[in-house]
Structure formats: structure tokens, C-alpha cells
Amino acid sequence: MGNLTGLLFAGGLGFMLLAIAGGLDFGAPPMLIGSAIQAQAPAETGATNIVTSVVLGYRAIDTLGELSILFAAAASAGLVLGRRHTSAGTQTEGGFILRTGGGILFPLMMTIGFYIIFHGHLTPGGGFQGGVILAAAFFLPLLARPGAKLHHSTLSLIEGFAGASFILVGLLALAEGKAFLQPLLIQDTLGQLFSAGTLPLLYLAVGLKVGAELASLLSRLAQTEASQ
Amino acid sequence: MIPALTPELILYATAIGLTTIGLAGVVLSVHLFRMVLSLVIAEAGVNLMLVLAGYRWDAVAPILTSLGEQPAMVDPVPQAMVLTAIVIGVGVQALAVSILIRIRQRYATLDRWEVAERMDADIAATAGTPRDVSQEAPLGERPLPPIPAKRVDPSGSES
């Protein structure tokens, strides 16, 4: 009975989505705001990546809310998992190739993570993507050597500092007489590494925060699971 | 009648199919971890749907490659929203998995009905009340016996 209801629900949902999608004109979206943003974004924010100018310029407060949601999720996961357990003795150390490969990959992943963060306003990428790569770079040695521990206090410090600097950049715009988190365009240098005003600073804060949060979350999950 | 297999049909079918399969999995699965995985599948379908909503024919990614005349670009707003959705999805999944770890440590199972059963017993034991075995039967005696009609006095005083 329950299965039948569930199947009916799923089928009805699929039919509803199909009916909605059938009424859409594929390839010609009716939204006009996208074209308006495309026409104005390079002059208003100075970023060549228009997605970045939407995420950090036009919807910056949403991004702040998203960071808060991510922080709430990480904090409640830590609360649910409780204090950390030592995983000594429950997991064997990785082999030679895994350990050496982890050691070699760590600086390379750090480099590419920061590259993606710093070029977020020019090329595809940005703080979220680069932050995930940074978290993976910190998590990789943990997979090779399960006994190793991340410094959770350092990670929380980085996370808090990054979140505070995101808000500070927003307040800076307020002090300049603009709206909260409005991008400050210093000079017109479209397409260069140092351009787009405060957007790279915001993305750096986002990248550090996401990286630190995910790294501490992953290590917490791994260590709790090891204590089973 | 089978419509022609155009790219947009395939893409829409994938998006809708992933969403439907994922939500069916959430409703139907018995194992709690499979429920989380179904949620991930549904999320992928919804994200694909959002990106498709901003597509334009013969358009490039919304990144300026040269100054001057710009080619047609896809809508950047759904892409930014999907970026948000993916990150929030990761947070939700991490929270769900950590709750699952706790459930497994406490009850040593991830079967949905079994966990619900043991949780119910646990709550009843903590509260010191008898277990609610049936959903339909009343939970014991009526709290107050019905008041006889002749003893009801509107003024409140019994004479």
C-alpha cells in the first residue's frame, strides 16, 4: 500500500514536471534579467566572468546567506557527531604509493585551488570550486595516514576570519557611501588579474571559508566513522 | 507516436527522470542511506533542470573573451543559483550523513521501520508511558467520565 502510494506520487510528479517542461520554449528563456545583467555587468562590476558578478555583485547578500547555511550545516554536523574520537588502531596506514602520492599531490592541489580562487572573476571557477579543492588537498593526507589529525582550532580560526572579512568588505562599501556589499570599482582594468574591485577579495574569503569548513567536516566524519 | 530524439528532449527527459527517480527513491527506500543517495540524485536532476531553463540556442558560456562585439550568452542567473544549490546540497548531505552515523551507533541498524520502532520504544521508556502500539486504538481510559446531565448547574453552585 505504501509502495503503491509512493509510486503514484513519483509518477504524478514526473507527469507534472513533463507538463510544465512541455510548455517551455527551449533555447529562448523568457527571463529578461539575464540579458540586462550581461549588458551592464562588465561596466558595473569589472568582472569578465558574469556568473561571478551575479554571485558576488548582484546577489552578494544571497551568497552571505548561503555561507551562513553552510556554516549552520557544518556546526550542526559537529554538534550531532559530538566530541571526536581517536581513530588510532582502527584503520591501517595507507601503502607506500598512497602516502607518497598524497605528499606529492598536496602542494599541487593547494596551487590549483588558489589559482581557481584568484581567477574566479576572469575564468570559470571561483571561491566555491577552489575551496572544495583546498578541502580535498587537506583531506588527502588524512586518507593516507588515518592517524594524522587536522588542527580543528586553526581551521575554525580561518573559517571565522574569512566569514568576518566577507562582512567587513560589505561594511567597507557601506562606509564609502554605497549599499552593503556593493562592489567597489577602483579602476577600469577589465580582464586583468587585479581588477573587479572587491570581488576577488570576497571570493578569497568564500574560498577559505568553504575550504576550512569542508575539511573539518570531512575529517570529523572520517574520524567518527573510524571509531565504530 | 514517438517524437524525434532531439537534444532538448534528451536533456529534459534526463532532468525530469533524475528528479522522479530520486524522489521515488526517497519515498520508497527502506534503508536510510539509500534515502540520502536518492536525495542526491533528485538534486542533480533539479540542478540540470535549472541550468536548462537558462539555455539559449547557439550561445556561449557567460564569460567575456574579448572586448567589443559580444556573442550571444546563456543566462547567467540560473547558473549562479545552481552554484548556490550545489554548495547547500553538500552541506545538507554532510548533516544527513552525520545524523545517520549517530543513528547507526545508537540502534545498530539503518532500516527505516526498525529504527522508527526502536526510537518509539526509546521515547516511551524515557517518558515513562506505555508504548503507543496501535495508531487507531485510543491510548487508555477517557480522561474524565461524562458529566451527568442533572448535576450540571449553570450558576456553578451545588445546592
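## Packing of α4(A) against α3(B)

In this predicted model, the axes of α4(A) and α3(B) approach within 9 Å and cross at roughly 10°. Because angles under 35 degrees count as roughly parallel, α4(A) is roughly parallel to α3(B).

On the α4(A) side, the residues making this contact include A:Asp62, A:Glu66, A:Ile69, A:Leu70 and A:Ala73. Among those on the α3(B) side are B:Thr84, B:Val87, B:Ile88, B:Gly91 and B:Arg102. By class, the contact of α4(A) with α3(B) comprises 14 nonpolar, four polar and three charged residues.

## The contact between the chains

Chain A contributes 44 residues to the contact between the two chains, and chain B contributes 37 residues. On the side of chain B that touches chain A, the elements giving two or more residues are α1 (7-28) and α3 (76-107). The most come from α3(B), with 17 residues. This side of chain B has 26 nonpolar, seven polar and four charged residues.

## Nonpolar cores

The largest nonpolar core has 52 residues, of which A:Val54, A:Leu202 and A:Val206 touch the most other members. Elements that each supply at least two residues of this core include α2 (33-45), α3 (50-58) and α8 (199-226) of chain A, together with α3 of chain B. The most are given by α8(A), with 12 residues.

Not counting residues up to four places away in sequence, A:Val54 touches A:Ile37 and A:Arg59 in chain A, and B:Pro76, B:Val77 and B:Ala80 in chain B. A second, separate core consists of nine residues, among them B:Tyr12, B:Leu23, B:Ala24 and B:Val46.

Methods. Residues are numbered from 1 along each chain as its sequence is written. Chains are lettered from A and ligands numbered from 1 in the order in which they are written. This is a predicted model: local features need pLDDT of at least 70, side-chain atom pairs count only at pLDDT 80 or more; totals for chains, interfaces and linings use all residues. Two residues are in contact if their C-beta atoms, placed from the backbone, lie within 7 Å. Helices (H or I, at least four residues) and strands (E, at least two) are DSSP runs, numbered from the N terminus. Ala, Val, Leu, Ile, Met, Phe, Trp, Tyr, Cys and Pro count as nonpolar, Asp, Glu, Lys and Arg as charged, and the others, Gly among them, as polar. A nonpolar core is a set of buried Ala, Val, Leu, Ile, Met, Phe, Trp, Tyr and Cys residues joined through C-beta atoms within 7 Å. A residue is buried if 20 or more other C-beta atoms lie within 10 Å of its own, exposed if 12 or fewer, and partly exposed in between; C-beta atoms are placed from the backbone. Axes are lines fitted to C-alpha atoms, for helices over the stretch in contact, and angles run from 0 to 180 degrees between N-to-C directions. Angles under 35 degrees count as roughly parallel, over 145 as roughly antiparallel, 65 to 115 as roughly perpendicular and the rest as oblique.
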